[in-house]
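Me: I have a structure open on my screen and would like to learn how to read it. Could you take me through it feature by feature?

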Amino acid sequence: MTDTGGSGWRPKILRDGQEPDPRFTLANERTFLAWIRTSLGLTAGAVALEAFAGEEIPEIIRTPVACILLVLAAVLAIVAFRRWIRIEFAMRHSQPLPMPQASILLVLGISIGAVVLIVAILSGTFT
């Protein structure tokens, strides 16, 4: 393995191509970290829901919503990493940037959680 520019370990997929402008690489990394922060926020929300909602939200609603948040957080972290790698690869090979799958995933996951809560509210589960 060759070390280009003192960068240390790098995935095999990023060892070839033209080194992109560091500003673009750092912007890509900041975006990745923002997605990871969102994933951690979803995890914290799930833990808070289970730990502090108590009897305010019935268990039949609370647990599925918390599980949706946890699954969404885990998948979002994986998708964020894949996106970071794919964008870095695209920049190195002067290719178009990939579609933002993480955004679609986040919208779908939060929408599903919201629908579960709406159904619970309309069915009178909270009374």
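**Reading the structure together**

Reply: Happy to! Let's begin with charges: the structure holds three salt bridges, a salt bridge being a side-chain nitrogen of Lys or Arg within 4 Å of a carboxyl oxygen of Asp or Glu. Please keep in mind that this is a predicted model, where local features need pLDDT of at least 70, side-chain atom pairs count only at pLDDT 80 or more, and totals for chains, interfaces and linings use all residues. Residues are numbered from 1 along each chain as its sequence is written, and side-chain values use heavy atoms, with hydrogens and water left out.

Me: Which residue forms a salt bridge with glutamate 19?

Reply: The general idea is that side chains of opposite charge can pair when their charged atoms come close. Here the partner of glutamate 19 is arginine 92, with the closest N and O atoms 3.1 Å apart. Glutamate 19 sits in the segment before α1 and arginine 92 in helix α2, so the pair ties together parts that are 73 residues apart in sequence. Helices, by the way, are DSSP runs of H or I with at least four residues, numbered from the N terminus.

Me: Is arginine 92 buried or exposed?

Reply: Relative accessible area decides that: buried means under 20%, exposed over 50%, and partly exposed in between, using a 1.4 Å probe and protein chains only. Arginine 92 is buried, at 6%, while glutamate 19 is partly exposed at 43%.

Me: How do I read the nonpolar core, and which residues have the most contacts inside it?

Reply: In soluble globular proteins, nonpolar side chains tend to be buried together. A nonpolar core here is a set of buried Ala, Val, Leu, Ile, Met, Phe, Trp, Tyr and Cys residues joined through side-chain atoms within 4.5 Å. The largest one has 22 residues, and those with the most contacts inside it are Trp35, Leu42, Leu49, Leu76 and Leu106. Each of α1, α2 and α3 supplies at least two residues of this core, and α2 gives the most, with eleven. To see this on your screen, pick leucine 76: leaving aside residues up to four places away in sequence, its contacts (heavy atoms within 4.5 Å) include Trp35, Leu42, Ala102 and Leu106.

Me: How many aromatic pairs does the structure hold?

Reply: Three. Rings of Phe, Tyr and Trp (its six-membered ring) pair if their centres lie within 6.5 Å; planes under 30 degrees apart count as stacked, over 60 as edge-to-face and the rest as tilted. Phenylalanine 32 and tryptophan 84 form a tilted pair, 6.2 Å centre to centre with 40 degrees between the planes.

Me: Which residues of α3 are buried?

Reply: Ala102, Leu106, Gly109, Gly113 and Ala120. What covers them includes α1 (22–52) and α2 (59–92). The face turned away from this buried side carries the exposed residues Val107, Leu108, Val119 and Leu122.

Me: What is the phi of serine 94?

Reply: Most residues other than glycine have a negative phi, and most peptide bonds are trans. Serine 94 has a positive phi, near 50 degrees. This serine 94 is found in the loop between α2 and α3, and is exposed at 71% relative accessible area. Just after α3, glycine 124 also takes a positive phi, of about 80 degrees.
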